[in-house]
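Please keep the sequence and the coordinates in view while reading.

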Number of protein chains: 2
Amino acid sequence: MHAVSAPLFVRMLNNLSAILTKAENHAKAKDIDPATLLNAKLAPDMFALIRQVQIATDHAKGAAARLTSSQIEAIEDTETTFAQLQARIRRVIAIVESFKPEAYDGAENREISVKIPNAELKFSGIDYLSQWALPNFFFHVTTAYAILRANGVELGKRDFLMS
Amino acid sequence: MHAVSAPLFVRMLNNLSAILTKAENHAKAKDIDPATLLNAKLAPDMFALIRQVQIATDHAKGAAARLTSSQIEAIEDTETTFAQLQARIRRVIAIVESFKPEAYDGAENREISVKIPNAELKFSGIDYLSQWALPNFFFHVTTAYAILRANGVELGKRDFLMS
């Protein structure tokens, strides 16, 4: 459970960080207000880039804490700049790396509950990881990438896969 | 290795199938040529919807075969309609489901090589799954969803997570 979660989250968060660095550099080079990218969306009723990064990081730290039966460290959603998003990513990587692999022992059968608006979802650890944490995490990292691609930032699949 | 791959792929492919059904119904209801959605992209140098579905399915069947040391069943990339994409998804679900969980025993340490243009990547089974198969699979399923959202199809996160 550790092997297919923590290193994956850390790797993808590092890739996301490198993608955001390219986006910030793109804004500088093209004289675009960074806020234009930070607030860009793919559809009017989808979340903007900032929120995609916030939610992706939330799923990473949420998974690491839940799978190790630890407290979830709250982070306020106050970022408005690339620098602040980078700080959030670094903080979440540190949180994910703070749990020892042994803390995941037996996590596949651990009962995990997730509160969503108007409901509480109950999962075994393995179902939580494969049906909730991983799909949500990848959804928001990919959507962050897609928002930047749709706005002309020069990125390729390689940036998504390896930083 | 089975628990965090095969059921995840099948579940997400079923979700993708349901998303494509909504997209096809949307085209009918709004009198949009289905080809407009099937060939839609998020950026001029990104793949269109059809190719996103083809690659997503390729990663699912590729992972199931490689992790069980089986032959990868080739599928030609000839789809041009929603019905053909649905047939491809059904076929790939059947392929993924054809491998018994026991066939994944020891898969985390299996040496897996993946040919990409001009290079060959070598992974352990666990690294292949977490660094290659899952990120690629989710990338293409999410991008398919994002293309449809950006084109006005009424979808929500719930469609991505559960069909």
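H1(B) passes H3(B) in a left-handed crossing, where left-handed means that the near helix is turned anticlockwise from the far one by less than a right angle, and right-handed that it is turned clockwise. Helices (H or I, at least four residues) and strands (E, at least two) are DSSP runs, numbered from the N terminus. H1 covers residues 6-29 of chain B and H3 covers residues 49-67 of chain B; their axes are 11 Å apart, at an angle of about 160°. That angle makes H1(B) roughly antiparallel to H3(B). Axes here are lines fitted to C-alpha atoms, for helices over the stretch in contact, and angles run from 0 to 180 degrees between N-to-C directions. Angles under 35 degrees count as roughly parallel, over 145 as roughly antiparallel, 65 to 115 as roughly perpendicular, and the rest as oblique.

On the H1(B) side, B:Phe9, B:Leu13, B:Leu16 and B:Leu20 meet B:Leu49, B:Val53, B:Thr57, B:His59, B:Ala60 and B:Ala63 of H3(B), contact being heavy atoms within 4.5 Å. The residues of this contact of H1(B) with H3(B) comprise eight nonpolar, two polar and no charged. For this division, Ala, Val, Leu, Ile, Met, Phe, Trp, Tyr, Cys and Pro count as nonpolar, Asp, Glu, Lys and Arg as charged, and the others, Gly among them, as polar.

The model is predicted: local features need pLDDT of at least 70 and side-chain atom pairs count only at pLDDT 80 or more, while totals for chains, interfaces and linings use all residues. Residues are numbered from 1 along each chain as its sequence is written, chains are lettered from A and ligands numbered from 1 in the order in which they are written, and side-chain values use heavy atoms, with hydrogens and water left out.

In chain A, helix H1 (residues 6-29) packs with helix H4 (residues 82-97) at an angle of about 170°, their axes being 10 Å apart. H1(A) and H4(A) are therefore roughly antiparallel to each other, and their crossing is left-handed. Residues of H1(A) in the contact include A:Val10, A:Leu13, A:Ser17 and A:Glu24, and those of H4(A) include A:Phe82, A:Leu85, A:Ile89 and A:Glu97. The contact of H1(A) with H4(A) divides into 12 nonpolar, four polar and two charged residues.

The axes of H3(A) and helix H5 (residues 125-150) of chain A come within 9 Å and cross at roughly 160°. These two helices, H3(A) and H5(A), are therefore roughly antiparallel to each other, and H3(A) passes H5(A) in a left-handed crossing. The residues of the contact of H3(A) with H5(A) comprise 15 nonpolar, seven polar and one charged.

A:Arg51 lies in helix H3 (residues 49-67) of chain A. With a relative accessible area of 27%, A:Arg51 is partly exposed; buried means under 20% relative accessible area, exposed over 50%, and partly exposed in between (1.4 Å probe, protein chains only).

Aromatic rings come next. Over all chains, the structure has 15 aromatic pairs. Rings of Phe, Tyr and Trp (its six-membered ring) pair if their centres lie within 6.5 Å; planes under 30 degrees apart count as stacked, over 60 as edge-to-face and the rest as tilted. Ring pairs link A:Phe9, A:Phe137, A:Phe138, B:Phe9, B:Phe137 and B:Phe138 into a cluster. Within chain A, both A:Phe137 and A:Phe138 are buried.

B:Thr142 lies in helix H5 (residues 125-150) of chain B and is buried, with a relative accessible area of 1%. Apart from neighbours within four places in sequence, B:Thr142 is in contact with A:Phe138, A:Phe139, A:Thr142, A:Thr143 and B:Phe160.

The loop between H3 and H4 (82-97) of chain B holds B:Asp77, which is partly exposed at 40% relative accessibility. Not counting residues up to four places away in sequence, B:Asp77 touches B:Arg51, B:Gln54, B:Asp58 and B:Arg88. B:Ser69 is also found in the loop between H3 and H4 of chain B; B:Ser69 is not a glycine but has a positive phi of about 55°, and at 54% relative accessibility it counts as exposed.
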